[in-house]
Amino acid sequence: MVLAGLNVIVTGAATGGCAAALHFARAGANVTLVERVAEPKAIGAGIAIAENGLAVLESLGLSLAMAPAVTDVRIVDERGRTLLEPRG
């Protein structure tokens, strides 16, 4: 498939949307990434990426070596109050 010069719109700038936009852009497409949230903020959620998801990220040129180690893990509510903080 030829993507060079193709205009692509990706809706949603969460993990999947950003990965898709990056993939299209690296393939030569002109990408517009649209997100309905004007000012994204932390919502107290987290993500986990399965092995097949890691394979997709690696195919995009991203690797775990680029990410900092996670040392402070906790679950918070919308006000930032700690709900759960596992013992290390």
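Colleague: What span should the twelve residues of α1 have, and how far apart are its end C-alpha atoms?
Modeller: At 1.5 Å a residue they should span 16 Å, and the end C-alpha atoms of α1 are 17 Å apart, which agrees. The expected span is 1.5 Å times one less than the number of residues. Helices are DSSP runs of H or I with at least four residues, and strands are E runs of at least two, numbered from the N terminus.

Colleague: How far can I trust the details?
Modeller: This is a predicted model, in which local features need pLDDT of at least 70 and side-chain atom pairs count only at pLDDT 80 or more, while totals for chains, interfaces and linings use all residues. Residues are numbered from 1 along each chain as its sequence is written, and side-chain values use heavy atoms, with hydrogens and water left out.

Colleague: Which residues of α1 are buried?
Modeller: Gly-17, Ala-19 and Ala-21 are buried, that is, under 20% relative accessible area with a 1.4 Å probe, protein chains only.

Colleague: And what do they pack against?
Modeller: The buried residues of α1 pack against β1 and β2, contact being heavy atoms within 4.5 Å.

Colleague: Turning to the strands, in which sense do β1 and β2 pair?
Modeller: β1 and β2 (residues 30-34) pair in the parallel sense over five bridges; pairing requires at least two DSSP bridges. Asn-7 has Asn-30 in β2 as its bridge partner.

Colleague: Which residues of β1 lie on its covered face?
Modeller: Val-8 and Val-10 do, whereas Asn-7, Ile-9 and Thr-11 are on the uncovered one.

Technical notes
Buried < 20%, exposed > 50% of the residue type's maximum accessible area, 1.4 Å probe, protein only.
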